[in-house]
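Please read the sequence and the coordinates side by side before going through the briefing below. The points are grouped by topic, and each can be checked against the model.

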Amino acid sequence: MQELWATPFRDSTEYENPLDGVRRSDYAPRTQKKAKNSGKKANDPVFRELLSAPRLNPHGALVAGTTISHPFFARFFARCAPAAEHLGGSAHRDELLEGLEGRVIEVGAGSGLNFAHYPSSVTEVVAVEPEPYLRARATEAAGQASVPVRVVDGTAEILSFGDGIFDAAVASLVLCSVPNQATALAELSRVLRPGAELRFYEHILAEEPGLARLQRRVDLFWPYFGAGCHTSRDTLRAIEQAGFSVSSCRRFTFRPCLLFAPVSPHMIGRATRP
Ligand SMILES: C[S@@+](CC[C@H](N)C(=O)[O-])C[C@H]1O[C@@H](n2cnc3c(N)ncnc32)[C@H](O)[C@@H]1O
């Protein structure tokens, strides 16, 4: 079997800013610097979570080694998400994962809600999850899964795996949250073998102009409470722009509760890496 950990973790944090040509060893968004310097407030856990924007390089991609910690969102998600499973989420996960085979990478696995839905034709799932609380819940869920699941720390933008070693990739309710969709999708494409499938289940930009307008307004504050989640991303287009060829995509409305109206437009689909 090909070595899973063929590529060493890319830990260079030095980038040349394309605007001024200056090389910097690191780059933190303004909100983080503010949090650092805001004295008493910086010790407040809620304040810290709201300002815990991931460290980005000047191209908008995550800096290697970045820690993503959203303790309040993580606990809220782990507690509330199972309720949506009974209202249709569980059936969506069956549809998402149906027929998968071989070695699969799942990015942003959360608390591991997909794990029980993998078919027995899957030989191994490598589940990448950067948030420590959710990673611990995912590790528990992995123990209950009927296929082997290995939960690892990491982010979708910087995967510590060799090229072309996975037979399929799964992105489920995560491309709304990654700081840079293009980088994450390029990285997924890199670790997939040619002809492998990307399976996606995401909430997306609405087709109705009124709801799309609302989503754009909501996105002025939603990411601060939803651990970086954006409601108005055109994720299907991002998948196509990353070079994947979309073979199926079902759009539907899923709104387990009124609060989630801005994230009600969803899609489930399949795309092939060329
Ligand atoms: C809404 S949850 C979805 C969890 C799970 N995929 C599911 O379907 O239930 C979003 C997940 O994406 C993770 N996430 C956020 N940014 C990420 C990144 N850059 N790379 C990988 N995962 C990320 C979060 O930690 C969280 O677990």
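This is a predicted model: local features need pLDDT of at least 70, side-chain atom pairs count only at pLDDT 80 or more; totals for chains, interfaces and linings use all residues.

Of the 274 residues of the chain, 38% count as buried. Among contacts between residues at least 6 apart in sequence, 66% join residues that are at least 24 apart.

**The sheet**

- Seven strands form an open sheet with mixed pairing, and their order is β5-β4-β3-β6-β7-β9-β8. The edges are β5, residues 149-152, and β8, residues 245-253, each of which pairs on one side only. From one strand to the next, the twist averages 15°.
- Strands of a sheet pair through backbone hydrogen bonds, in either a parallel or an antiparallel sense.
- Strand β3, residues 102-107, runs parallel to strand β4, residues 122-128, and six bridges join the two. Within this pairing, E106 stands opposite A127 of β4.
- On the pairing of β3 with β6, the sense is again parallel, here over four bridges, and I105 has A169 in β6 as its bridge partner.
- Strands β6 and β7 also run parallel and are joined by six bridges, with A171 standing opposite F200 in β7.
- Strand β6 is mostly covered, since six of its seven residues are buried.

**Helices against the sheet**

- Helix α3, residues 71-97, lies across β6 (166-172), β7 (192-203) and β9 (265-272), and it runs at about 165° to β7.
- Helix α4, residues 132-144, lies across β4 and β5, running at about 170° to β5.
- Helix α5, residues 181-191, is mostly covered, with eight of its 11 residues buried.

**The nonpolar core and its contacts**

- Which residues have the most contacts inside the largest nonpolar core? They are V104, F166, A169 and L188, in a core of 52 residues.
- When neighbours within four places in sequence are left aside, F166 is in contact with R103, V104, I105, V191, L192, R193 and A196.
- L192 lies in strand β7 and counts as buried because it has 22 C-beta neighbours inside 10 Å, where the cut-off is 20 or more. Not counting residues up to four places away in sequence, L192 touches G164, F166, A169 and R273.
- The C-alpha atoms of L192 and R103 are 9.9 Å apart in space, although the two residues are 89 apart in sequence.

- L173, found in the loop between β6 and α5, has a positive phi of about 55° although it is not a glycine. Is L173 buried or exposed? L173 is buried, because 21 other C-beta atoms lie within 10 Å of its own and the threshold is 20 or more.
- A227 likewise is not a glycine and has a positive phi of about 55°; its place is the loop between α7, residues 222-225, and α8. A227 is buried, with 21 other C-beta atoms within 10 Å.

**The ligand shell**

- How many residues are around the ligand, and which of them come nearest? There are 24, of which G108, G110, E131, A156 and S172 come nearest.
- By class, the shell around the ligand consists of 14 nonpolar, seven polar and three charged residues.

How values were computed
Residues are numbered from 1 along each chain as its sequence is written. A residue is near a molecule or strand if its C-beta atom, placed from the backbone, lies within 6 Å of it. Ala, Val, Leu, Ile, Met, Phe, Trp, Tyr, Cys and Pro count as nonpolar, Asp, Glu, Lys and Arg as charged, and the others, Gly among them, as polar. A nonpolar core is a set of buried Ala, Val, Leu, Ile, Met, Phe, Trp, Tyr and Cys residues joined through C-beta atoms within 7 Å. A residue is buried if 20 or more other C-beta atoms lie within 10 Å of its own, exposed if 12 or fewer, and partly exposed in between; C-beta atoms are placed from the backbone. Two residues are in contact if their C-beta atoms, placed from the backbone, lie within 7 Å. Two strands pair if DSSP finds at least two bridges between them. Axes are lines fitted to C-alpha atoms, for helices over the stretch in contact, and angles run from 0 to 180 degrees between N-to-C directions.
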